[in-house]
Amino acid sequence: MVQLASLSAVRIFEAAARLASFRAAAEELHLSPSAVSHAIAKLERDLGTSLFERSTRKVTLTLAGQTLLSHASNAFEELRRGVETISSNKAHLLRVHCAPSYAAQVLSPRLPDFLAHYAGVEVRVAASTSYARFVDGLFDVDIVYGEPSNREDLIVVPLGEEIVSPLCSPGMAERLKSPRDLVRVPLIRSDLKRIQWIDWFELNNLGPPPLPAMSFDRSFLAVDAAANGLGIALESTTLARRELENGRLVRLFPVCRDSRYIGHYLAYPKSGAQRRLAKRFADWLIDGVGDQTL
């Protein structure tokens with residue numbers, strides 16, 4: 001069994017394995033490469049197994065090393081969370097869970113403004129399509145696509161009305177004179193979007209739409225594909241705001257009817273140590289939503 005004195009060696013191993021380099025681990029941990037090498041060699045002797053396959057140019061993990069890395073990474077992450085839980089500096093850490101496309105297209109470009117207004121606050125962002133579980137204390141704020149169903153212990157704030165409209169590059173827009181021309185160009189589908197091409201065609205009395213030429217499971221990928229001239233995306237002008245403002249995308253057919261709905265919500269617990277900071281973050285984000293009618 002590994003003795004407690006070997007925990008420092010496990011920390012050195014985790015850095016070297018994660019970075020795939022003894023030298024990079026030494027730089028991260030402010031040690032010499034020789035100290036890293038000796039610590040890992042001693043750990044291998046203590047464990048009675050090799051953790052790395054060494055060559056002149058690189059090191060790669062053995063099967064045993066891969067197993068240990070998985071457990072070590074989880075253990076150090078749990079330790080970090082425990083330290084954060086009891087740390088007096090926790091009040092200056094905001095942990096945000098966010099829908100991936102909103103994180104990439106809206107939140108990330110605006111975070112510098114938040115950090116400028118709230119000096120000393122550290123923001124950590126994790127993105128996924130699942131909902132945050134506040135009961136385990138991993139997150140303070142959740143930005144979700146679609147209204148949360150379990151609102152009993154949460155403050156839920158709508159993040160403004162969004163417009164879902166056909167968007168494409170300026171070059172492709174020159175080829176389109178009317179909505180009927182959409183049958184001649186590639187349509188891009190956003191798989192998880194609540195409003196699809198069939199809804200937009202029906203709203204504008206255009207009959208059934210052609211089958212999409214390509215599909216993406218994230219809106220930011222569909223937006224980028226349209227901006228690169230691959231086709232027409234039916235997307236939120238909120239998520240595409242940056243591309244619309246810099247001219248990489250344009251809205252088509254202003255005479256047509258576009259769908260409007262509240263797509264994203266911000267939620268945070270009604271009680272807890274981080275409630276006040278979460279509210280500041282919510283107020284800041286709502287203030288910056290601004291006019292969505294691009």
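Close-up 1. At 11% relative accessibility, V106 counts as buried, where buried means under 20% relative accessible area, exposed over 50% and partly exposed in between, with a 1.4 Å probe and protein chains only. The model is a predicted one, in which local features need pLDDT of at least 70 and side-chain atom pairs count only at pLDDT 80 or more, while totals for chains, interfaces and linings use all residues. Residues are numbered from 1 along each chain as its sequence is written, and side-chain values use heavy atoms, with hydrogens and water left out. V106 lies in helix α5; helices (H or I, at least four residues) and strands (E, at least two) are DSSP runs, numbered from the N terminus. Leaving aside neighbours within four places in sequence, V106 is in contact with S101, T238 and L239, contact being defined as heavy atoms within 4.5 Å. The C-alpha atoms of V106 and V10 are separated by 39 Å, and these two residues are 96 residues apart along the chain.

**Close-up 2. The packing of helix α5 with helix α8.** Two packed helices are described by the angle between their axes and the distance between the axes. Helix α5 (residues 100-117) and helix α8 (residues 219-227) pack at an angle of about 55°, with their axes 7 Å apart; axes are lines fitted to C-alpha atoms, for helices over the stretch in contact, and angles run from 0 to 180 degrees between N-to-C directions. The two helices, α5 and α8, are therefore oblique to each other, given that angles under 35 degrees count as roughly parallel, over 145 as roughly antiparallel, 65 to 115 as roughly perpendicular and the rest as oblique. On the α5 side the contact is made by P100, S101, A104 and Q105, and on the α8 side by S219, F220 and V223. By class, this contact of α5 with α8 has 4 nonpolar, 3 polar and no charged residues, where Ala, Val, Leu, Ile, Met, Phe, Trp, Tyr, Cys and Pro count as nonpolar, Asp, Glu, Lys and Arg as charged, and the others, Gly among them, as polar.

**Close-up 3. The buried residues of helix α8.** In α8 the buried residues are S219, A222, V223, A225, A226 and A227. These buried residues pack against α5, β7 (161-168), β8 (187-190), β9 (214-216), β10 (232-236) and α9 (241-245). After α8 comes G229, whose phi is positive, near 80°.

Close-up 4. The whole structure holds 10 aromatic pairs; rings of Phe, Tyr and Trp (its six-membered ring) pair if their centres lie within 6.5 Å, and planes under 30 degrees apart count as stacked, over 60 as edge-to-face and the rest as tilted. The rings of Y145 and Y261 have centres 6.5 Å apart and planes at 90°, so this pair is edge-to-face. The pair links distant parts of the chain, since Y145 belongs to strand β5 and Y261 to strand β12 (residues 259-262), 116 residues apart. Y145 is partly exposed at 23% relative accessibility, whereas Y261 is buried at 10%. Elsewhere, F114, Y118, F281 and W284 form one aromatic cluster, and R110 lies over the face of W284, at 4.3 Å from the ring centre. A charge sits over a ring if NZ of Lys or CZ of Arg is within 6 Å of the ring centre and within 35 degrees of the ring normal.

**Close-up 5. W200 and its surroundings.** W200 lies in helix α7 (residues 197-203) and counts as buried at 0% relative accessibility. Not counting residues up to four places away in sequence, W200 touches V164, P166, P179, L182, L206, L234, F253, C256, R257 and D258.

**Close-up 6. Two loop residues with positive phi.** Most residues other than glycine have a negative phi, and most peptide bonds are trans. A20, although not a glycine, has a positive phi of about 55°; A20 is placed in the loop between α1 (7-19) and α2 (22-29) and is partly exposed, with a relative accessible area of 45%. H30 likewise has a positive phi, near 60°, and is found in the loop between α2 and α3 (33-47), where H30 counts as exposed at 74% relative accessibility.
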